[in-house]
Each structure stands twice: as C-alpha cells, then as structure tokens.
Amino acid sequence: MKFMPSETYIARLSPYLFWDMDRQRVDAERNSRHLIQRVLEYGNLDDWRLTRDYYGMNRVVSECQQLRSLNPKSLAFICAVSDTKKEDYRCYHFRQSFPTLWNS
C-alpha cells in the first residue's frame with residue numbers, strides 16, 4: 001500500500017509527534033505500531049490520512065488490535081472508521097482486567 005518512501009512519510013508527519021524521539025532515526029516499519037498509536041492519540045486529521053494511506057487500513061487495524069493501551073477516544077475512532085468492535089482489541093480487554101476506583 002506504500003505509495004511513498006518511509007523517509008517521506010516520516011517527514012510529512014507533524015513534528016510534535018516526535019517530542020521524545022529523534023525523527024531522523026525512526027524506522028516506519030520497525031516502529032509501525034508506535035507510530036500508528038502516536039498518530040491516533042496525538043495526530044491531526046492529515047496525520048491520520050497519511051498513516052492510513054501509508055500502511056493501509058488492514059495493517060493499521062491489525063497493529064492497533066495488538067496494542068496494550070490506547071486511549072478511549074482513539075479506540076472509538078479506529079472502531080468507527082474500520083467497522084470493528086472494541087472487543088476485538090487487546091487494549092480493551094487489558095483495561096477491563098485491571099479494576100480501578102472508576103471501573104470496579
């Protein structure tokens with residue numbers, strides 16, 4: 001699905017997504033799960049479109065389903081745009097398995 005080199009993809013993402021890492025050293029393949037999560041949680045709509053187009057929706061969903069954590073809004077978003085259920089995501093079950101004062 002990749003229509004551009006990974007260096008171009010990384011360069012086109014919003015700079016603030018890389019507040020804690022060296023943008024020049026990020027590998028779009030090796031760090032795909034981290035990048036997808038970062039875009040979902042902190043990116044803007046252009047970052048989302050770029051990521052979806054770069055990885056393809058199937059890969060984005062597959063990577064998200066393996067995440068241990070994803071904020072509730074990002075989980076709701078990925079479920080809505082991919083027509084999947086929150087129960088299909090590891091982060092949903094992971095969060096449910098740790099009762100807190102708010103969800104016990």
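Thr51 sits in helix α3, which spans residues 45–55. The model is a predicted one: local features need pLDDT of at least 70, side-chain atom pairs count only at pLDDT 80 or more, and totals for chains, interfaces and linings use all residues. Residues are numbered from 1 along each chain as its sequence is written, and side-chain values use heavy atoms, with hydrogens and water left out.

The chain contains six helices and zero strands. Both kinds of element are DSSP runs numbered from the N terminus, with H or I over at least four residues for helices and E over at least two for strands. Along the sequence the pattern reads α-α-α-α-α-α. Of the 104 residues in the chain, 35% are buried. Buried means under 20% relative accessible area, exposed means over 50%, and partly exposed lies in between (1.4 Å probe, protein chains only). Contact means heavy atoms within 4.5 Å. Among contacts with a separation of 6 or more, 53% come from residues 24 or more positions apart.

Thr51 has a relative accessibility of 1% and therefore counts as buried. Its side chain makes a polar contact of 2.9 Å with the side chain of Tyr9. A polar contact is a pair of N or O atoms within 3.5 Å; within protein, one must be able to donate a hydrogen and the other to accept it, and residues adjacent in sequence count only if both atoms are side-chain atoms. With residues up to four places away in sequence not counted, Thr51 touches Tyr9, Leu13, Ile36, Val39, Gly56 and Val60.

Thr51 belongs to the buried set of α3, which consists of Asp47, Trp48, Leu50, Thr51, Tyr54 and Tyr55. Viewed down the axis of α3, these residues fall within an arc of 165 degrees, so they line one face of the helix. The arc is that of the directions from the helix axis to the C-beta atoms. The buried residues of α3 pack against α1 (6–12), α2 (32–42), α4 and α5 (72–82).

The ends of α3 were also examined. Gly56 follows α3 and has a positive phi, near 90 degrees.

Helix α4 covers residues 57–65; α3 and α4 pack at an angle of about 100 degrees, with axes 6 Å apart. The two helices are therefore roughly perpendicular to each other. Axes are lines fitted to C-alpha atoms, for helices over the stretch in contact, and angles run from 0 to 180 degrees between N-to-C directions. Angles under 35 degrees count as roughly parallel, over 145 as roughly antiparallel, 65 to 115 as roughly perpendicular and the rest as oblique. Trp48, Thr51, Arg52 and Tyr55 of α3 meet Met57, Arg59 and Val60 of α4. By class, this contact has four nonpolar, one polar and two charged residues. Ala, Val, Leu, Ile, Met, Phe, Trp, Tyr, Cys and Pro count as nonpolar, Asp, Glu, Lys and Arg as charged, and the others, Gly among them, as polar.

Arg33 lies in helix α2. At 37% relative accessibility, Arg33 is partly exposed. Its C-alpha atom is separated by 9.5 Å from that of Arg59, 26 residues apart along the chain. Neighbours within four places in sequence aside, Arg33 is in contact with Glu63, Gln66 and Leu67.

In α5, the buried residues are Ser74, Leu75, Ile78, Cys79 and Ser82. Down the axis of α5 they fall within an arc of 135 degrees, so they line one face of the helix. The face turned away from this buried side carries the exposed residues Pro72, Lys73 and Ala80. Ala76, also placed in α5, is partly exposed at 47% relative accessibility. The C-alpha atoms of Ala76 and Lys86 are separated by 7.3 Å, at ten residues apart along the chain.

Ser82 of α5 is buried, with a relative accessible area of 17%. The Ser82 side chain makes a polar contact of 2.8 Å with the side chain of Thr84. Not counting residues up to four places away in sequence, Ser82 touches Met57, Val61 and Tyr89. Asp83 follows α5 and lies in the loop between α5 and α6 (90–96). Asp83 is exposed, at 72% relative accessibility. Its phi is positive, about 55 degrees, although Asp83 is not a glycine. Most residues other than glycine have a negative phi.
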